[in-house]
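Trainee: Could you take me through one part of this model closely, namely the surroundings of the ligand and the loops and pocket that go with your tour? I would enjoy one connected answer.

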Amino acid sequence: MYAAFRSIGAYVPERILSNEDLTKMVDTTDEWITKRTGIKERRIAAKNETTSDMAVKAAELAIERSGLAKSDIDMIVMATISPDYFNMPSTATVVAHKMGLDKVPAFDISAACTGFVYILGIAKAFIESGMKKNILIVGSEKMSAITDYTDRGTCILFGDGAGAAVISATDNKDEAILDLHIAADGSLGDFLMTPDGGTGNPHQNELKSEASFIQMKGNETFKIAVRTLTKDVVQILADNNLESDDIAHFVPHQANYRIIKAVGDALKMREDQVVLTVHKYGNTSGASIPMAINDLYEEGGLKAGEMMLLDAFGGGLTWGSALVPFSPFSK
Ligand code: ACO
């Protein structure tokens, strides 16, 4: 049995936070943010809008587009670092309940911006082992809830949103996810962290402190991201005897335009192969890759059979890449 990427869906909150808006909150400029990151604006969820609310909207669209019934979904796996609840229940079970899928196994994984590649790998493994047939994978993030809007080094980067996909069993090898790498290096965990509140550093008081929000060694992370991702995508193409021309769409995690450009250039990707949403959504962590695939799909740019190369890098540190043909049921 093989695993096929059947459909995509996404949701973006209405409210736009522009670079201009940020200049009124921290000491920064539109020019600095644009030049260093490529980001012009990002979306911010409403105060009472949760990670699971956004996830449900993306998930329902992905299921509808797959042509399956909701009742065909036999597992839900979520990637999020901004869960509805800190410890339990998992956001995936909240999503399952809101969708009327209470009896379906559901769980979250935490791999920061690499989360979507990790859950794609989990779905692939469950399907190839014959344990499940139709898995809903969702990346959803309310990054604004864990971002310090007094820290100009991080608050300019992040945005909110959700993306989802349906991964199904197939016996047709041509439809199958071709390959997937995931990796981690825990020794660099302090490059990106929310230090406060877990058992490693219990809450000192009732109020959120600075340490409850994301802290990042931006420049160090940037350099390792470029180096590691370049090596990883070169490797996955070589392992599968593919050239960059065989890739219809390079869909990188949308953290920073300069990282995307450096990795794309190393692969000799043409501009029209590279999917970019960083300018309008910023970094939505585990949601960024499916949100980018969804934009491509809704613009009519993603056709059945076309090969996507995904890559991601984030807190952990974690990274991964995948070669994924778009294989809707109607093909
Ligand atoms: N506006 C103006 N100046 C700023 C801002 C800002 N918003 N932020 C930082 N600066 C200043 C710094 O203070 C520094 O000033 P100094 O030279 O006087 O000390 C200067 O700009 C340069 O700062 P750097 O941090 O070296 O800038 P850099 O070019 O590295 O860009 C950035 C910073 C955009 C954060 C970049 O390092 C980056 O994108 N890093 C990688 C992020 C990433 O990929 N993370 C992984 C995924 S996230 C996740 O997993 C949740």
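**A close look at the ligand site and beyond**

Mentor: Let me begin with a loop. Lys-268 sits in the loop between H8 and helix H9 (278-281). Please keep in mind that this is a predicted model. The phi of Lys-268 is near 60°, a positive value in a residue other than glycine. Lys-268 counts as exposed because its relative accessibility is 67%, and the cut-off for that class is over 50%.

The second largest pocket has a lining that includes Met-269, Arg-270 and Glu-271, along with Tyr-257, Ile-260 and Lys-261. About 170 Å³ of space lies in this pocket. By class, its lining has five nonpolar, one polar and four charged residues.

H8 (257-266) also brings us to the ligand, as one of the elements that give two or more residues to the shell around it. The others listed with H8 are helix H2 (30-37), helix H6 (152-155), helix H7 (218-239) and strand S12 (307-314). H7 gives the most, with four residues. In total, 27 residues surround the ligand, and the closest are Thr-28, Arg-36, Cys-113, Asn-219 and Asn-256. The shell divides into 13 nonpolar, 10 polar and four charged residues.

An N or O atom in the side chain of Asn-256 is 2.7 Å from an oxygen atom of the ligand. For the side chain of Arg-258, the distance from an N or O atom to a ligand oxygen is 2.9 Å. Gly-315 takes part through its backbone, where a polar atom is 2.9 Å from an oxygen atom of the ligand. The protein covers 75% of the 1000 Å² of accessible area that the ligand has on its own.

From Gly-315, follow the chain onward. Gly-316 and Leu-317 are joined by a cis peptide bond, with omega about -15°, and Leu-317 has its place in the loop between S12 and S13. Thr-318 is found in strand S13 (residues 318-325). Thr-318 counts as buried because its relative accessible area is 7%, and buried means under 20%. Its C-alpha atom is separated by 26 Å from that of Arg-6, 312 residues apart along the chain.

Another cis peptide bond joins Met-88 and Pro-89, with omega about 0°. Pro-89 has its place in the loop between strand S4 (75-79) and helix H4 (91-98).

Finally, return to H7: Asn-241 lies in the loop between H7 and strand S11 (249-252). Asn-241 has a positive phi of about 50° although it is not a glycine, and at 71% relative accessibility this residue counts as exposed.

Definitions and conventions:
Residues are numbered from 1 along each chain as its sequence is written. This is a predicted model: local features need pLDDT of at least 70, side-chain atom pairs count only at pLDDT 80 or more; totals for chains, interfaces and linings use all residues. Side-chain values use heavy atoms; hydrogens and water are left out. A residue is near a molecule or strand if one of its heavy atoms lies within 4 Å of it. A polar contact is a pair of N or O atoms within 3.5 Å; within protein, one must be able to donate a hydrogen and the other to accept it, and residues adjacent in sequence count only if both atoms are side-chain atoms. Accessible areas come from the Shrake-Rupley method with a 1.4 Å probe; for residues, only the protein chains shown count as cover. Ala, Val, Leu, Ile, Met, Phe, Trp, Tyr, Cys and Pro count as nonpolar, Asp, Glu, Lys and Arg as charged, and the others, Gly among them, as polar. On a 1 Å grid over the protein atoms alone, a cavity is a set of points where a 1.4 Å probe fits but cannot get out, and a pocket is an open set with protein on both sides within 12 Å along at least five of seven lines; lining residues have an atom within 4 Å of a point. Grid points are joined across faces, edges and corners, and a volume is the space filled by probe spheres set on the points. Buried means under 20% relative accessible area, exposed over 50%, partly exposed in between (1.4 Å probe, protein chains only).
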